Amino acid sequence: MPEPLLEARGIVKSFGRVRALRGANFTVFPNEVVALVGDNGAGKSTLVKTLAGVHQPDEGEILFDGEPVEIHTPLDARRLGIETVYQDLALAAELDAGANMFLGREIMRPGVLGKLGFIDKQAMRVRSREAFTNLGVALQDTSAPVATMSGGQRQGIAVSRAVTWASKVVFMDEPTAALGVVQTRNVLDLIGRVRGQGLAVVLISHNMPEVFEVADRIEVLRLGERVARFRRGEVTMEDVVGAMTGAITQVERPEADRLDQDAGPDAPRR
C-alpha cells in the first residue's frame, strides 16, 4: 500500500490578524494529479507557498517520504525535488527560453572561461529544446525573448522548467488562467505528460471542468482547513462546489485514500 509522498498536517499560518491556514491538511501520493480547490481566500496559495518554502508555518508538520522535514526556503524544497509554477510564471521577459530554463542554474562554459563567469548559452538552448520536445511544447524560436511569446508558450516554458528540475512533485498554481482555448488544451495535455514521466502534480485551480478532466483526486480547502477529499470518478462537480461553499461536509477517511492509491490512478472507479 503506497505511502504519501508529501503530507501537510495541521498547518497554521497567520499574517498579522488574518489567519490564512487553520490547521490545514494536505496529501500528495506518488505519480498522481491531485487538485487543490477552494474559493478565494480558502488558503490554497498560502498552503502551496508554505510547502514550497516561501512561507514558514506557525504550527504544524510537513512530511516527505514519511519523514518530518523543515522547508525554510524554496531551495530546501528544490533539494527535495519539489518545483512550483506560480501564477506570475516567474520568467525573465527579456531573456530567451533557454536562459529562463536555466535561470539560477546556468551552465558555465568549460575551462578558464567558465571559471571567469562566462555562460554557455548554446548548451542551455540545446538542452532546453530537448526538454520542450519531450514535453510537446512548441516554440518556433527558442532564442527569442520570452516577452515576444504568447501566454501559452510562456506557460509551457515555466512548466518545462519545473519538470526539468523536479524529481518528485510539481505544483501548478492556476496554470490555465488567462489562456485561450487552444493554449489551455495544450497545458492540460502537458499536465498528463508530466504525470507520465513519473512525477506527482498538484493542480491549484478554480476551473472545475479542467479539474475533473485531469485530476485523479480532489482535496477541498475552506477557510484555511481541508474539508473534503474525493476521487474524481465518485463525485460530481456539485459535490465539490458544495464542499467549497460549506453546503456539504465530509468525514475524512485517510485509509480510503490509501486504498484508492493502491489501486492506482487508472484503476476502475467504484
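Biologist: In what sense do strand β1 and strand β2 pair, and over how many bridges?
Modeller: Keep in mind that this is a predicted model. In it, β1 (residues 6–15) runs antiparallel to β2 (residues 18–28), and the pairing covers 8 bridges. One example is V12, which stands opposite R22 in β2.

Biologist: And how many residues sit between β1 and β2?
Modeller: The hairpin has 2 residues between the strands. G16 is in that turn, and its phi is positive, about 65°.

Biologist: Which residue in β4 does L6 stand opposite?
Modeller: That's F64. β1 also pairs with β4 (residues 59–64), in the antiparallel sense over 5 bridges.

Biologist: OK, new topic. What's the strand order in the open sheet of 6 strands?
Modeller: The order is β6-β7-β8-β3-β9-β10, and the pairing is mixed. At the edges you find β6 (82–85) and β10 (225–231), each of which pairs on one side only. From one strand to the next, the twist averages 20°.

Biologist: Parallel or antiparallel for β6 and β7?
Modeller: Parallel, over 4 bridges, with β7 being residues 169–173. T84 has F171 in β7 as its bridge partner.

Biologist: Which strands does helix α6 lie across?
Modeller: Helix α6, residues 151–165, lies across β6 and β7, and runs at about 175° to β6. Then there's α7 (residues 181–196), which lies across β3 (33–37), β7 and β8 (200–204). The angle between α7 and β8 is about 150°.

Biologist: Is F102 buried or exposed?
Modeller: F102 is buried, because its relative accessibility is 3% and the cut-off for buried is under 20%. W165 comes out as partly exposed, at 25% relative accessible area.

Biologist: Where is S205?
Modeller: S205 is in the loop between β8 and α8. With a relative accessibility of 2%, S205 counts as buried.

Biologist: And what does S205 touch?
Modeller: Leaving out residues up to four places away in sequence, S205 touches L36, V37, E174, E210 and V211. There's also a polar atom of the S205 side chain 3.0 Å from the backbone nitrogen of N207.

Biologist: Which residues of helix α9 are buried?
Modeller: In α9 (residues 237–245), the buried ones are V240, G242, A243 and M244. They pack against β3, α8 (208–214), β9 (217–222) and β10. After α9 comes G246, with a positive phi near 90°.

Biologist: Last one. Where is G136?
Modeller: G136 is in the loop between α5 (121–135) and α6. Its relative accessible area is 49%, so G136 is partly exposed. The C-alpha atoms of G136 and S160 are 9.6 Å apart, with 24 residues separating the two along the chain.

Notes: Residues are numbered from 1 along each chain as its sequence is written. This is a predicted model: local features need pLDDT of at least 70, side-chain atom pairs count only at pLDDT 80 or more; totals for chains, interfaces and linings use all residues. Side-chain values use heavy atoms; hydrogens and water are left out. Two strands pair if DSSP finds at least two bridges between them. Axes are lines fitted to C-alpha atoms, for helices over the stretch in contact, and angles run from 0 to 180 degrees between N-to-C directions. Contact means heavy atoms within 4.5 Å. Buried means under 20% relative accessible area, exposed over 50%, partly exposed in between (1.4 Å probe, protein chains only). A polar contact is a pair of N or O atoms within 3.5 Å; within protein, one must be able to donate a hydrogen and the other to accept it, and residues adjacent in sequence count only if both atoms are side-chain atoms.
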